[in-house]
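Please keep the sequence and the structure in view while reading.

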Amino acid sequence: MTLLGDAIHAMSPARGSGANTALQDAGLLCSTLAVGSAEHDGLVTAIGDYETEMRNYGFAALEASRRAEAQLGTQGHRLASWLYRRFTNRRHNAS
(Lines give C-alpha, C1' and ligand atoms only; values in the text may rest on other atoms or scores of the structure.)
Protein backbone atom coordinates (compact mmCIF):
# COMPACT_ATOMS: atom_id res chain seq x y z
CA MET A 1 0.00 0.00 0.00
CA THR A 2 1.14 3.53 -0.72
CA LEU A 3 -0.34 7.00 -0.77
CA LEU A 4 -0.58 9.82 -3.26
CA GLY A 5 -2.09 13.28 -3.56
CA ASP A 6 -3.92 14.72 -0.57
CA ALA A 7 -3.69 11.40 1.25
CA ILE A 8 0.02 12.06 1.81
CA HIS A 9 0.37 15.82 1.40
CA ALA A 10 -2.87 17.74 1.82
CA MET A 11 -2.56 21.27 0.48
CA SER A 12 -4.51 24.44 0.13
CA PRO A 13 -6.33 24.89 -3.17
CA ALA A 14 -4.40 28.16 -3.66
CA ARG A 15 -2.66 28.13 -7.05
CA GLY A 16 -3.64 24.49 -7.69
CA SER A 17 -0.59 23.05 -5.96
CA GLY A 18 -2.50 20.10 -4.51
CA ALA A 19 -4.05 19.05 -7.81
CA ASN A 20 -0.78 19.40 -9.69
CA THR A 21 1.11 17.42 -7.08
CA ALA A 22 -1.54 14.67 -7.10
CA LEU A 23 -1.20 14.37 -10.88
CA GLN A 24 2.58 14.28 -10.55
CA ASP A 25 2.25 11.55 -7.91
CA ALA A 26 -0.06 9.49 -10.12
CA GLY A 27 2.21 9.77 -13.15
CA LEU A 28 5.30 8.87 -11.13
CA LEU A 29 3.56 5.92 -9.45
CA CYS A 30 2.33 4.55 -12.78
CA SER A 31 5.72 4.77 -14.47
CA THR A 32 7.55 3.39 -11.42
CA LEU A 33 5.17 0.43 -11.16
CA ALA A 34 5.48 -0.28 -14.89
CA VAL A 35 9.27 -0.39 -14.63
CA GLY A 36 9.19 -2.32 -11.35
CA SER A 37 6.89 -5.02 -12.70
CA ALA A 38 9.11 -5.47 -15.76
CA GLU A 39 12.27 -5.84 -13.70
CA HIS A 40 13.10 -8.62 -11.28
CA ASP A 41 13.07 -6.24 -8.27
CA GLY A 42 9.28 -6.37 -8.13
CA LEU A 43 6.48 -4.12 -7.06
CA VAL A 44 7.51 -3.64 -3.42
CA THR A 45 10.83 -2.12 -4.49
CA ALA A 46 9.06 -0.01 -7.12
CA ILE A 47 6.69 1.41 -4.48
CA GLY A 48 9.67 2.22 -2.26
CA ASP A 49 11.34 4.01 -5.18
CA TYR A 50 8.15 5.98 -5.83
CA GLU A 51 7.86 7.02 -2.19
CA THR A 52 11.48 8.18 -2.05
CA GLU A 53 11.15 10.31 -5.18
CA MET A 54 7.72 11.61 -4.15
CA ARG A 55 9.12 12.85 -0.84
CA ASN A 56 11.81 14.79 -2.71
CA TYR A 57 9.29 17.07 -4.45
CA GLY A 58 6.35 16.62 -2.06
CA PHE A 59 7.79 18.60 0.85
CA ALA A 60 8.76 21.47 -1.46
CA ALA A 61 5.26 21.52 -2.98
CA LEU A 62 3.69 21.49 0.47
CA GLU A 63 5.75 24.50 1.55
CA ALA A 64 4.93 26.36 -1.68
CA SER A 65 1.23 25.70 -1.08
CA ARG A 66 1.50 26.98 2.47
CA ARG A 67 3.16 30.20 1.26
CA ALA A 68 0.53 30.67 -1.48
CA GLU A 69 -2.27 30.27 1.05
CA ALA A 70 -0.64 32.80 3.33
CA GLN A 71 -0.39 35.29 0.45
CA LEU A 72 -3.64 34.69 -1.39
CA GLY A 73 -6.00 32.53 0.58
CA THR A 74 -7.16 34.92 3.23
CA GLN A 75 -6.69 38.33 1.61
CA GLY A 76 -9.74 40.48 2.18
CA HIS A 77 -11.39 37.99 4.52
CA ARG A 78 -10.87 39.02 8.13
CA LEU A 79 -12.37 35.89 9.68
CA ALA A 80 -10.50 33.55 7.35
CA SER A 81 -7.28 35.47 7.98
CA TRP A 82 -7.73 35.21 11.75
CA LEU A 83 -8.50 31.49 11.57
CA TYR A 84 -5.54 30.83 9.31
CA ARG A 85 -3.12 32.68 11.60
CA ARG A 86 -4.55 30.94 14.65
CA PHE A 87 -4.29 27.48 13.06
CA THR A 88 -0.77 27.92 11.67
CA ASN A 89 0.57 29.41 14.90
CA ARG A 90 -0.77 26.45 16.85
CA ARG A 91 0.82 23.99 14.39
CA HIS A 92 4.17 25.75 14.40
CA ASN A 93 4.21 26.04 18.20
CA ALA A 94 3.43 22.33 18.57
CA SER A 95 6.36 21.33 16.36
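Q: What distance separates the end C-alpha atoms of helix H1, residues 17–38, and what span should its 22 residues have at 1.5 Å a residue?
A: The model is a predicted one, and the length of helix H1 can be checked against its residue count. At 1.5 Å a residue, the 22 residues of H1 should span 32 Å. The end C-alpha atoms agree with that expectation, because their separation in the model is also 32 Å.

Q: Which residues of H1 are buried, and within what arc do they fall when seen down the helix axis?
A: The buried residues of H1 are Ser17, Gly18, Thr21, Asp25, Leu28, Leu29, Thr32 and Gly36. Seen down the axis of H1, these buried residues line one face of the helix, because they fall within an arc of 110°.

Q: Is Thr21 buried or exposed, and which residues does Thr21 touch beyond four places away in sequence?
A: Thr21 is a residue of helix H1, and its relative accessible area is 4%. Because buried means under 20%, Thr21 counts as buried. Setting aside residues up to four places away in sequence, its contacts are His9, Met11, Tyr57 and Ala61.

Q: How does Ile8 count by its relative accessibility, and which residues is Ile8 in contact with, leaving aside neighbours within four places?
A: Ile8 belongs to the segment before H1, and at 40% relative accessibility it counts as partly exposed. Leaving aside neighbours within four places in sequence, Ile8 is in contact with Leu3, Asp25 and Met54.

Q: What is the C-alpha to C-alpha distance between Ala10 and Leu62?
A: Ala10 is placed in the segment before H1 and is exposed, with a relative accessible area of 54%. Ala10 and Leu62 are 52 residues apart in sequence, and their distance in space, C-alpha to C-alpha, is 7.7 Å.

Q: Which residues line the second largest pocket, and what is its volume?
A: The lining of the second largest pocket consists of Thr2, Leu3, Ile8, His9, Glu51, Met54, Arg55, Gly58, Phe59 and Leu62. By class, this lining has five nonpolar, three polar and two charged residues. The volume of the second largest pocket is about 160 Å³.

Q: What pattern does the protein follow along the sequence, and what share of its 95 residues count as buried?
A: The protein has three helices and zero strands, and its pattern along the sequence is α-α-α. Among contacts between residues at least 6 apart in sequence, 55% join residues at least 24 apart. Of the 95 residues, the share that counts as buried is 28%.

Note on methods. Residues numbered from 1 in each chain as written. Predicted model: local features only at pLDDT ≥ 70, side-chain atom pairs only at ≥ 80, totals over all residues. Heavy atoms only, no water. Helix = DSSP H or I, 4+ residues; strand = E, 2+ residues; numbered from the N terminus. Expected span 1.5 Å × (residues − 1). Buried < 20%, exposed > 50% of the residue type's maximum accessible area, 1.4 Å probe, protein only. Arc of directions from axis to C-beta. 1 Å grid on protein atoms, 1.4 Å probe; cavity = no way out; pocket = protein on both sides within 12 Å on 5 of 7 lines; lining within 4 Å. Points joined across faces, edges and corners; volume = space filled by probe spheres on them. Nonpolar A, V, L, I, M, F, W, Y, C, P; charged D, E, K, R; others polar. Contact = heavy atoms within 4.5 Å.
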